[in-house]
Structure formats: C-alpha cells, structure tokens
Amino acid sequence: MATYTIGLGLNPHPEDKRVSLMSWYSCAYTVRAIENLVRGQGRPLFGELSSRQSDCLSALVRLSAVSSSVSESRVLEGHCHRLLSSLLGEETSVNLRFIDVDAFGVLVAVVLLLPCCVSLRKEASVASERVPHGDVRDSLALRLFYVLQLVQIVFSVDVAEVCAFQMDEEEDDGAIEGRPSVSREPKSTIALIELYDYVAKVLDRPTTFEAGICGSRLSQWVQRQSTPFLRCCAIFFHYLTGVPTPQDLHEISEIGRAHV
C-alpha cells in the first residue's frame, strides 16, 4: 500500500484495481535493484546476499504471489487481457511500443496473473491453484518474455559497439578475419543472424555481412546484454518456487554467467 500511496500520490484505497499492479511492479523493481547492486559490486548472484536482502526478496515475492490470489476476479482478468494484448499488438487503451515494454516487470505480472485467470475458468478451485508454482505455464511465459528481450536488444543494437565487443578467447577463432561461413554456425546463431539482418533492413542499418560482424560475436554480445534479465529471472523464480540455486550462481565466474 505504501507503493500505491507514495507512487501515485493518493490516499490508501485497498479496493483500487491499481493496488495489485503496483505490488507486482514494486516486486520487479526490487529484484532488479538488488541484481544491479550485486552485479555492480562484482559479487555473485546468490552467494553474498545479506540476510536482510534475502528475507526482503523472499517476503516480497511470496506476498505478491499470494496477494494476486485474493484480488477480485474481474480485475485480474482485465489486467491479464491488457498486458497480453499490448504484447500481441492489439489495440488497448494505452498503446506502447514494444521497445518501451519492461520485459521483466511484465513477466512478473503475467506469471502471477496466469494461475488466477486459469482457475477462474473452473467451476471450483482451491486457493493453491491460484498461486504460481514454477510449472510449464511459467516456463512458457519466461520463454515468451526472453524472446521479447532479445528482440528489444536487436532493435536497439549499436553496430560500432558490437564490432568493438571483446569476445571470449575460445570463441575468437575466425572472428578476426571477418564473418565465417553461416553454414558453420549453430542453428541458434543462424536464427539470430537472420533476425538481426531482417531488423537491419527494416531500420536501414548495415547487415551482419556489410558490417563484418561474425555470428559468434553477435551471439556473445546479445548474451551479455540479456544477462541482467536472466539474472533477475533467476532471483524471482528462486524465491517464488524455493528451488535451490546451482552452486555456480554462488560464485563469480563465466560458468556461472552461462548457467543463468
């Protein structure tokens, strides 16, 4: 309620439909702030969180999950419809460009909303069915918003920054001499090259061939840019589901970064 009253400058009003939205976005903001803090300090994602930070994240994530299950059904359906409609390009009361969408913030809201909306379609449902558990539905939501994040990265790419990007030594073979044959690239890298070239043509930017960007360089650069999003997701789903984190995420290493 403090986020609602201070953020919107209003008096407390528990029945306002924006209260649930504010709680979800405050949860996402807190996760992102702590991830940014530990990353800026060069600390591992989970290994050195203080007890205050860990308890705060655990309480906030689980409170947000439970609070969504007790909200009014028509309000939840309205939130879910607006969020998904904005992503699918349908006309909404507030039309945002996809490049301006906060991928992680909307992911948190959708993950907390979907179980409620699905259970509302049943004749009878128990409270536990309206709380996310990290199931297949949450996995699909994560994939959807990760794709959104990748498209946002490709749309906002700086060609000069990609060309100047320092690759890992083991991946640097062939990059010095220009772009290697596409046929030798992994399927995921080929798909990324095709996406980049399509966007480049739409935005009248140099393609990977014209800019001399090899697929492995582009792939590593995109992975590096998307790492903060994945780290935030790791924090959120860890405290939501209680699944133990891999030991690699308790250490500072390239392996830990890849494990995210």
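This is a predicted model: local features need pLDDT of at least 70, side-chain atom pairs count only at pLDDT 80 or more; totals for chains, interfaces and linings use all residues.
Helix 8 comprises residues 187-202, 16 residues in total. From its first C-alpha to its last it reaches 23 Å, close to the 22 Å expected at 1.5 Å a residue.

The loop between helix 8 and helix 9 contains Asp204, which comes just after helix 8. Most residues other than glycine have a negative phi. Is Asp204 buried or exposed? Asp204 counts as exposed, because its relative accessibility of 70% is over the 50% cut-off.

## Overall architecture

The chain has eleven helices and zero strands, and along the sequence its pattern reads α-α-α-α-α-α-α-α-α-α-α. Of its 260 residues, 42% count as buried. The chain exposes about 14600 Å², of which carbon and sulfur atoms supply 55%.

Among the contacts in the chain with a separation of 6 or more, 72% are between residues 24 or more positions apart.

## The nonpolar cores

The largest nonpolar core has 41 residues, and Phe46, Phe104, Leu107, Phe236 and Leu240 are those with the most contacts inside it. Two or more residues each are given to this core by helix 2 (18-40), helix 3 (51-68), helix 4 (73-87), helix 5 (103-119), helix 6 and helix 10. Helix 5 provides the largest share, eleven residues.

Which residues does Leu107 touch, not counting residues up to four places away in sequence? Leu107 touches Ala141, Leu142, Phe145, Phe229, Cys233 and Phe237. A second, separate core has 16 residues, including Ile153, Val154, Val157 and Phe165.

Buried residues in helix 6 are Asp138, Ala141, Phe145, Leu148, Gln149, Leu150, Gln152, Ile153 and Val154. Among them, Ala141 and Phe145 are touched by Leu107, whereas Ile153 and Val154 belong to the second core. The end C-alpha atoms of helix 6 are 29 Å apart, which agrees with the 28 Å that its 20 residues should span at 1.5 Å a residue.

Asp158 is located in the loop between helix 6 and helix 7. Asp158 is partly exposed, because its relative accessible area of 39% falls between the cut-offs of 20% and 50%. Asp158 and Arg205 are 47 residues apart along the chain, and their C-alpha atoms are separated by 9.9 Å.

## Helix 10 and the region after it

Helix 10 (215-241) has 27 residues, and 21 of them are buried, so this helix is largely enclosed by the rest of the structure. Where in helix 10 does the kink of about 45° lie? The kink is at Thr227, shortly before the proline Pro228. Gly242 follows helix 10 and has a positive phi, near 80°.

Leu249 has its place in the loop between helix 10 and helix 11 (254-259). With a relative accessible area of 6%, Leu249 is buried, because this value is under the 20% cut-off. Leu249 and Ala234 are 15 residues apart in sequence, and the distance between them is 9.4 Å, C-alpha to C-alpha.

## Gln53 in helix 3

Gln53 lies in helix 3. This residue is buried, because its relative accessible area, 16%, is under 20%. Apart from its neighbours within four places in sequence, Gln53 is in contact with Ile34, Leu37 and Arg43.

Definitions and conventions:
Residues are numbered from 1 along each chain as its sequence is written. Side-chain values use heavy atoms; hydrogens and water are left out. Helices (H or I, at least four residues) and strands (E, at least two) are DSSP runs, numbered from the N terminus. Buried means under 20% relative accessible area, exposed over 50%, partly exposed in between (1.4 Å probe, protein chains only). The expected span of a helix is 1.5 Å times one less than its number of residues. A nonpolar core is a set of buried Ala, Val, Leu, Ile, Met, Phe, Trp, Tyr and Cys residues joined through side-chain atoms within 4.5 Å. Contact means heavy atoms within 4.5 Å. Accessible areas come from the Shrake-Rupley method with a 1.4 Å probe; for residues, only the protein chains shown count as cover. The bend at a residue is the angle between axes fitted to the seven residues ending there and the seven starting there.
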